[in-house]
Amino acid sequence: MSIRLKPLAEQVIVVTGASSGNGLAIVELAARQGAAVVAVARGEPALDALRTRLAAEGAKIATCVADVADADAVERVAAVAVATFGRIDSWVNNAGTGTYGTLEQVPLDDHRRVFDVNYFGVLHGSLVAARYLRGQGGAIVNVGSILGDRAILQQGPYCATKHAVQALTDTLRMELEAAGANISVTLVKPGAIDTPFPEHARNFMDKPPRLPPPLYTPEVVADAVLHACAHPQRTLYAGGGGLLSSLLPQLAPRIADAIMEVVGTPAQQKPADPGDSERRDNLYEPRKGARRGSQHVLARHSSLTLQVQKLPRALLVLGVAGLGTTLAIGRRLSRR
């Protein structure tokens, strides 16, 4: 069944984790493109400031204070969206949290908290969204990670949740397709993105954490997510560096493990640049947020890999066929 989605300017979009990082970038870009947005986060002051700022710019925005680990709170999000704008067209499960440290260092309660937010938060949002979208159609967009393809040292609980989100998203897609629900389900897999994540994560290492390069700006993720809200697509990688990191373990898993064991920990530490102390550790309580991290890093503002994935499928097939023909002709000419 072919799924048709509304243009962004005609949509009502729910975004969780909306007060910081990728979520904030998604809300801002969606509002600029004319969508009505329901911004969801735990911190009421941050949401109030966001609503005031965007409404002053003419945006259609509502907010809802909710912890996505709480199923009842997620039900309230949907009620706010319908009460304010009359419907839901796309639901973006973006909220996430994490820890830095070995599996043994991270207390079991913190392991569970990461799962409560990153996995059960996505499950809660997906089930509520599917119920509201069933029949009328729409999109569910889950923000996963390249760490759902390959684990990394020092972020075991986070990696485990992103593997789980991959399975959840695939299962949800199959169930909705089998039921003829007319709902597009997309998994967006960002690479390393310059957000406050390293500052927000609970840290058990002896040095301040960072994200390993190459980094991209949150606007790259926002571009991928909003494309998925308007164009049915199975998976989108946000950042070419992340895609390469996902492919190597599939081709040479033992080599990838060996590389990770040598560089995985130092690549995630930044001793001389801990970032903003007011953002530290949001595992159980919200902390000061922002779109970008405060550490000094280089981040790419665009991703050619993402732009290629956004091309219409027929154009991609033609492009691959054309490249194959060109290479074949080149080989023949070289043999003469």
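Partly exposed here means a relative accessible area between the buried limit, under 20%, and the exposed limit, over 50%. The model is predicted.

Select R51. At a relative accessible area of 29%, R51 is partly exposed.

Next, select D67 and R113. This salt bridge has an N to O distance of 3.0 Å. D67 lies in the loop between β3 (60-65) and α3 (71-85) and R113 in helix α4 (residues 108-118), so the pair ties together parts that are 46 residues apart in sequence. Is R113 buried or exposed? R113 is buried, because its relative accessible area is 10%, and buried means under 20%. D67 is partly exposed at 23%.

Stay on helix α4 and select D109 and R112. They lie 3 residues apart, about one turn of the helix. Their salt bridge spans 3.7 Å, N to O. D109 and R112 are both exposed.

Now select E28, R53, E219 and R291. Salt bridges link these residues in a network. The salt bridge count for the model is 22.

Finish with L248, I255, I259, V262 and V263. They make a nonpolar surface patch of about 440 Å². Helix α10 (residues 253-263) gives the largest share of the patch, 4 residues. V263 is in helix α10 and is partly exposed, with a relative accessible area of 40%.

Methods
Residues are numbered from 1 along each chain as its sequence is written. This is a predicted model: local features need pLDDT of at least 70, side-chain atom pairs count only at pLDDT 80 or more; totals for chains, interfaces and linings use all residues. Side-chain values use heavy atoms; hydrogens and water are left out. Patches are made of residues with over 30% relative accessible area and no salt bridge: like charges are joined within 9 Å, nonpolar side chains (Val, Leu, Ile, Met, Phe, Trp, Tyr) within 5 Å. Accessible areas come from the Shrake-Rupley method with a 1.4 Å probe; for residues, only the protein chains shown count as cover. A salt bridge is a side-chain nitrogen of Lys or Arg within 4 Å of a carboxyl oxygen of Asp or Glu. Helices (H or I, at least four residues) and strands (E, at least two) are DSSP runs, numbered from the N terminus. Buried means under 20% relative accessible area, exposed over 50%, partly exposed in between (1.4 Å probe, protein chains only).
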